[in-house]
Amino acid sequence: MAHTLTTCTFCGVGCGIYLESQGNRITGVYPSMSHPTNRGRICVRGWNVHEVASSPDRLKNPLLRKNGHFEEVTWEEAYAFIARRMHEIKVRYGPDALGFYNSPRCSNEESYLLQKLARAVIGTNNLEHGTGVYCNNSVDTLCEMLGVPASTNPISDLLDSGVIVVDGVDLGMQLPTIGGWIIRAKLQGAKVIVIDARRQRLAETADFHLQLRPGYRVALYGAMAKVIVDRGLMNLPFIKAHCENYEDFLRDIQAFDLVSVAENCGVPAEDIERAAIAYATAPSAAILYSTGVAARGKGSIRALVNLALLTGNLGKPGSGIYALTEHNNLQGVCDVGLLPDRLPGYGRVEDAKCRKRMESLWGVPLPTKPGLGAQEALDNKQKKLKSIWLLRYDPVNTAVFCNAAETLAEMELVVVQHLFMTSTAEFAHVVLPTVAFGEEEVTFTSTDRRIQLARKVIEPPGGPRPAWQQLTQMANALGVSWKYADSASIMAEITQVVPFYSGATYDNLGREYGRPWPCTTEHPLGTPRLFEDMPPQQRFKFGTVPKPFASFGPTPDYPVAVVFGSSLYYWHQNVLVKHSETLKRELRVLLLDYPEGFVEVNDEDARTLGIRDGARIRLVAPHGASTTTARVTPEVRSGTIYVPFFVKEVMRQITGEGAFEAVSRTKPLFVRLEKI
Amino acid sequence: MRARLVLQEDVLKIVDLLRRDHEVVAPFYGRGRDTFFDTVTDENLDRVQIHIPNPYYPPKRYVLPHIEQLFRIRKADGSYEIQSTYDQTKRAIFGIRSCDLAGIYHLDRFYLGREFRDPYYARRRANLFLVNVVCTDTQVDINDECYCLCTDTGPAAKAHFDLQLMDLGKGEFLAVAGSPAGEALFSAPFFRKATEEHVERRRRILSEVRHRFKTTTGWFSATVRYISQEKVLEKTWEAIGSRCLECGGCTYVCPACTCFTVTDRPTGPNEFERVRLWDACALYGFTRMAGGHNPRKAVHDRRNRRFFRKLAHYFIQRELSMACVGCGRCAEVCHGDVGMPSTIEMIRRATTEYLAHESAAH
């Protein structure tokens, strides 16, 4: 028997867990009591990760499509085929006809090599992780306003917060360990403000549930900022010392009248006022929002960062902005450059200086223009892409923003690296089987910037290879001599390339519980809290506040606002979850109970309409109508309905738009509900 | 009397003795404060700890594994071959705590003591040798969440062990045999004669150790009464449920929780395995029926079910033991601080207040 401390593979919290293994099987899992982030607690997914890891239902050998069906081939034959086809496509159409996309659950090592393959070997910036459409606004906004595209404080700081704002993310479902910290902080006296159209679990015990109508986030934050300014509660010394654009911000904020904002967004004015005062007068206050799988316009992110700057809530324990990553390595894949317009370390592709530095490190010239993101690639409207490489990514199932199946069917070359035969893999020309969690030593970076080792606990079954090894061998097959003997040597290169990872060797990471970046050679223990020693020249920028738009309200014909959700039921579709009996039952049960999909209707609204749970209803919009099943729940705000991302047909029928447009709308759509 | 004295330097010889014909697991340190039971080998023998925080991952998994294969099914020539997978390894747990022993006893009653005897559990249990170590080190063995005094399950178990070891200080351990198998070990030369003075020291240490616990009186009885008499208000359960994040942890770590589920998985073309896994009544799908009906949909209805199973008089009577052993793990694993101690307190406070108010009103 062996007990190995490792990092959970599901969400961005990065809980410390022990995997128990016997012989060559993973036989158990339990939380680490000493880990600074979870301190002995994990969620139902973590408690069942051992079952996923031991699933016998996986791919063993490379598959090559011959005569319309898959045949098992050797690795050499697979690589040779891919190399030949890639070469042909590159010669015929140019390097920008090839694209490389992965999932935010990929490790740092394989992600780094994927973007290096794209940039340094093929010569394109057509690369991205699959949730870029959702989180890139956050990356850009935080870079612009704070200079760092990541959460500023460690998760454990929440216990020291006087006020915690949870904006639009159901922590109980997506990041339960963080939800737990907040519940416990509340038991110790913290005030919790939940800003969400949904009455989610944390709202049950919140001090304020600002259950706003969809589309009014910017207005709500604007009104809160104005309350703070009107009462003189801003932190002027902090603003004077460190913030730019304050005058513009002050001027723009005047447009947000508390009473009219309250009326428009459906939240009592006194609640907005009291919440704002609570936030501004707390000794330290934190704001949490989600960046993954929940599209958010730049305006609403700027608005909440503005609040933190207005009140000086940075750098001290219990304060900060948490740009939550819902996947275990969303932070890491961005850090190591899986972005079409940014290099590893976030330098812009178009910035000649950044590019030159990378060119000298890698020894090759690099493409100069930003490439196609995942959404553009998988939409492929202009048919620019001929070849797609997908690493651990299953867009046919999980990508809401495109009809991936259609696009992949038209490609000349589709290469899929995965653990299981996913729906996406059915469209591949070549499928390369990867090893599973626990079968390789790699790193993930958590939502609070903790770079952690995920250990090798058992030997993989004969056949599959680590994805990073496949990429190395692929580069070799393409004629480039990459030599990475192990994953540690890839991280060693990352420490040279990404400045804030410069101290993150496996040796250092393995000593305690990983290291929070910046983890540099000067500060090898890492930096749990950003901006702690605030030097006088530290600068932040207030973000431009868009004008509050006039109420685009409901009309008598179309009185119900539609909330298009993407993150809440994400795990229901995830391929790992299918391989655990418990998780399948817990997370996918909704798909069983509502086999034709569902939209969520508030229970009072259902009563008024005269329908019960499971009833067929019609949604009628100006553009079109859709028939679906109602799931009745008090969690949804009265006057709204919630459309989960996987009912793509419903979205298309009532908006006439692709699902992505629907999901990333800033103005809500209005419909009428009809009983059938 | 079936007690002997063992010198401190000889204690690990018991491990060696057992290793002759058992796979022995003992507690070890992981990183920081983490500890776990692991197989003793020549390589790690010198790292076996006697005084150590109780391993979090409960030793119930040696009789009820987190995941275990029950049987294999092979399809051949149009018919099915079924082959059971029994674990008959002789195993010894060195250093199991009194609370965890009480948990195993509770599991014995559930899996062996009723109409249907679980053959997998029975085999593991029959081959298990239990060496209980009494918690005496107030810094290390006992932590703030422990409450075995309230459940009357510790710190020194009265029964259900094969051998019990207790540190008497001054380099001496008292060894008590709890079964013929335990007594059989006494033939080894390092088991010396124990005297009345040793027994007296044991009594005195135990009465001192009691002071380490945060509370020594169980508020269980009040709560058992309220729950059994159905006096707990719906809104108390709702308050408890609002803090639960449905992780299942309390059930997984509880030494006295028995629930499991079963699933079939393909292991190859024409081959399946059936596995049994820990399950938790904390989870939504636990009571979901085919067809979709779920009598315990709301989270507070599931919390209610858990504490009813743990504390209602009906169950205590049925199992002849309470399904809580005072180990404190549920308090440590819970995100929302609604483990047993906190829940007991919430129920007791809310219900006492409500009843006092009711009687004042009349």
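Predicted model: local features only at pLDDT ≥ 70, side-chain atom pairs only at ≥ 80, totals over all residues.
Let me begin with chain B, where an open sheet of 8 strands has the order 3-2-6-7-8-9-1-10, with mixed pairing. Strand 3 (35-39) and strand 10 (192-193) of chain B stand at the edges, and because each has a single partner strand, one side of each is left without a neighbour in the sheet. Elsewhere in this sheet, strand 8 (residues 163-169) and strand 9 (residues 172-177) of chain B run antiparallel and are joined by 6 bridges, with Asp167(B) standing opposite Phe173(B) in strand 9.

Helices pack on the sheet as well. Helix 2 (residues 98-112) of chain B touches strand 6 (91-96) and strand 7 (128-133), and its direction makes about 145° with that of strand 7. Helix 6 (residues 196-209) of chain B touches strand 1 (3-7), strand 8, strand 9 and strand 10, its direction making about 80° with that of strand 8.

Turning now to chain A, how many residues of strand 6 (residues 98-102) are buried? The count is 5 of the 5, so this strand is largely enclosed by the rest of the structure. Leu98(A), Phe100(A) and Asn102(A) point one way from the strand, whereas Gly99(A) and Tyr101(A) point the other way.

As for its partners, strand 6 of chain A runs parallel to strand 14 (residues 387-391) of chain A, with 5 bridges between them, and Leu98(A) has Ser387(A) as its bridge partner there. Strand 6 of chain A also runs parallel to strand 7 (residues 127-129) of chain A, through 3 bridges, and here Asn102(A) is partnered by His129(A). Together with helix 4 (residues 108-122) of chain A, strands 6 and 7 of chain A make a right-handed β-α-β unit.

Technical notes. Residues numbered from 1 in each chain as written. Chains lettered and ligands numbered in written order. Heavy atoms only, no water. Pairing = 2+ DSSP bridges. Helix = DSSP H or I, 4+ residues; strand = E, 2+ residues; numbered from the N terminus. Contact = heavy atoms within 4.5 Å. Axes fitted to C-alpha atoms, helices over the stretch in contact; angles between N-to-C directions. Buried < 20%, exposed > 50% of the residue type's maximum accessible area, 1.4 Å probe, protein only. Right-handed = clockwise from strand over helix to strand, strands pointing away.
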